[in-house]
Amino acid sequence: MSAIPDDIFTEPDVDPDALKNLGPLRRLAGVWEGKEGIDLNPKADGPQRREYTERIEFEVIDPQANGPQLFYGLRYHTHILATDEDATFHDQVGYWLWEPATGLIMQSLAIPRGQVALAAGHASADATSLVLTATRGQTGYGICSTDFLEQAFRTDSYRIEVTFNPDGSWSYVQDTILIVHGKPFEHRDVNRLVKIAEPKPNPLMLLGKD
Ligand code: HEM
């Protein structure tokens with residue numbers, strides 16, 4: 001939405017078929033697996049490099065209106081295992097949202113170590129890549145952490161770049177800049193995801209179908 005209208009309550013008509021209205025996020029809908037993950041994370045004696053496998057589910061949600069502002073989107077859960085360990089290596093939930101009127105893309109993310117972020121970028125419906133960023137201290141697209149993380153592993157910025165590959169897979173490069181013992185640390189994650197299941201229609205589309 002470019003300007004805030006006087007009427008902030010009236011909602012627009014929505015198309016119940018959310019899958020059709022996801023713009024560039026249409027290519028993420030479904031269930032994905034990635035076996036080429038590489039993580040660089042901070043450890044006491046320096047950066048640690050780990051390889052990982054990942055499963056991400058993107059479920060299509062019903063259209064979301066904030067008064068006149070309208071989003072279509074996906075709810076996601078990513079679960080990551082290091083290749084040499086059974087315990088969860090990383091877990092994350094959130095939403096990817098698309099505002100057709102402006103091309104705004106948002107990712108809200110929550111990590112169970114006590115951290116949330118809202119990242120944003122812009123893209124056209126047929127974009128082949130997406131770049132979203134969040135910056136600590138911003139009230140709009142910012143990052144919030146526990147007091148411990150804020151002091152010991154302050155997270156200054158987050159950036160994700162998604163590339164849709166010609167073979168239907170997609171890749172991401174994710175850079176999270178932490179301040180550890182007063183120095184910047186580039187916490188980087190990369191992976192390529194391959195589709196293993198198609199998405200289901202959103203709940204509104206399923207109404208009355210059984
Ligand atoms: C594929 C995605 C990610 C993976 C696999 C991953 C993995 C890890 C691992 C293994 C550690 C070290 C944990 C430990 O030593 O106990 C770590 C630390 C950390 N990560 Fe991530 N991470 C990912 C994404 C993110 C994102 C998106 C953020 C924030 C926006 C983030 C913030 C942090 C912070 C603040 C720490 C330091 C705190 C700590 O070590 O407990 N990570 N990450």
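Phe58 is found in strand E2, where strands (E, at least two residues) and helices (H or I, at least four) are DSSP runs numbered from the N terminus. The model is a predicted one, in which local features need pLDDT of at least 70, side-chain atom pairs count only at pLDDT 80 or more, and totals for chains, interfaces and linings use all residues. Residues are numbered from 1 along each chain as its sequence is written, and side-chain values use heavy atoms, with hydrogens and water left out.

At 4% relative accessibility, Phe58 counts as buried; the cut-offs are under 20% relative accessible area for buried, over 50% for exposed and in between for partly exposed (1.4 Å probe, protein chains only). The C-alpha atom of Phe58 is separated by 5.2 Å from that of Ala29, 29 residues apart along the chain. Phe58 also forms one aromatic cluster with Trp32, Tyr76, Trp170 and Tyr172.

A search of the whole structure finds six aromatic pairs. Here rings of Phe, Tyr and Trp (its six-membered ring) pair if their centres lie within 6.5 Å, and planes under 30 degrees apart count as stacked, over 60 as edge-to-face and the rest as tilted. One of the pairs, Tyr52 with Phe89, is tilted, at 6.3 Å centre to centre and 40 degrees between the planes. Tyr52 lies in strand E2 and Phe89 in strand E5 (residues 88-99), so this pair ties together parts that are 37 residues apart in sequence. Tyr52 counts as buried at 1% relative accessibility, whereas Phe89 counts as partly exposed at 23%.

Turning to the open spaces, the largest pocket holds about 720 Å³ of space. Of the 36 residues that line this pocket, the closest to its centre are His90, Ile111, Arg113, His187 and Asp189. On a 1 Å grid over the protein atoms alone, a pocket is an open set of points where a 1.4 Å probe fits, with protein on both sides within 12 Å along at least five of seven lines, and lining residues have an atom within 4 Å of a point. Strand E2 (residues 46-60) gives the largest share of this lining, six residues. By class, the lining has 19 nonpolar, 11 polar and six charged residues; Ala, Val, Leu, Ile, Met, Phe, Trp, Tyr, Cys and Pro count as nonpolar, Asp, Glu, Lys and Arg as charged, and the others, Gly among them, as polar.

The second largest pocket has a volume of about 250 Å³. Its lining has 13 residues, and Phe58 returns here, as the closest to the centre are Phe58, Glu59, Val60, Pro199 and Lys200. Two or more residues come from each of strand E1 (30-43) and E2, with E2 giving the largest share, four residues. Seven nonpolar, one polar and five charged residues make up this lining.

Next comes the ligand, which 20 residues surround, the closest being Lys43, Phe89, His90, Arg113 and His187; a residue counts as near if one of its heavy atoms lies within 4 Å. An N or O atom in the side chain of Lys43 is 2.4 Å from an oxygen atom of the ligand. A nitrogen atom of the ligand is 3.3 Å from an N or O atom in the side chain of His90, and a polar side-chain atom of Arg113 lies 3.2 Å from a nitrogen atom of the ligand.

Finally, His181 lies in the loop between strand E11 (170-180) and strand E12 (183-197). Although not a glycine, His181 has a positive phi of about 50 degrees. His181 is exposed, with a relative accessible area of 79%.

Key. Grid points are joined across faces, edges and corners, and a volume is the space filled by probe spheres set on the points. A polar contact is a pair of N or O atoms within 3.5 Å; within protein, one must be able to donate a hydrogen and the other to accept it, and residues adjacent in sequence count only if both atoms are side-chain atoms.
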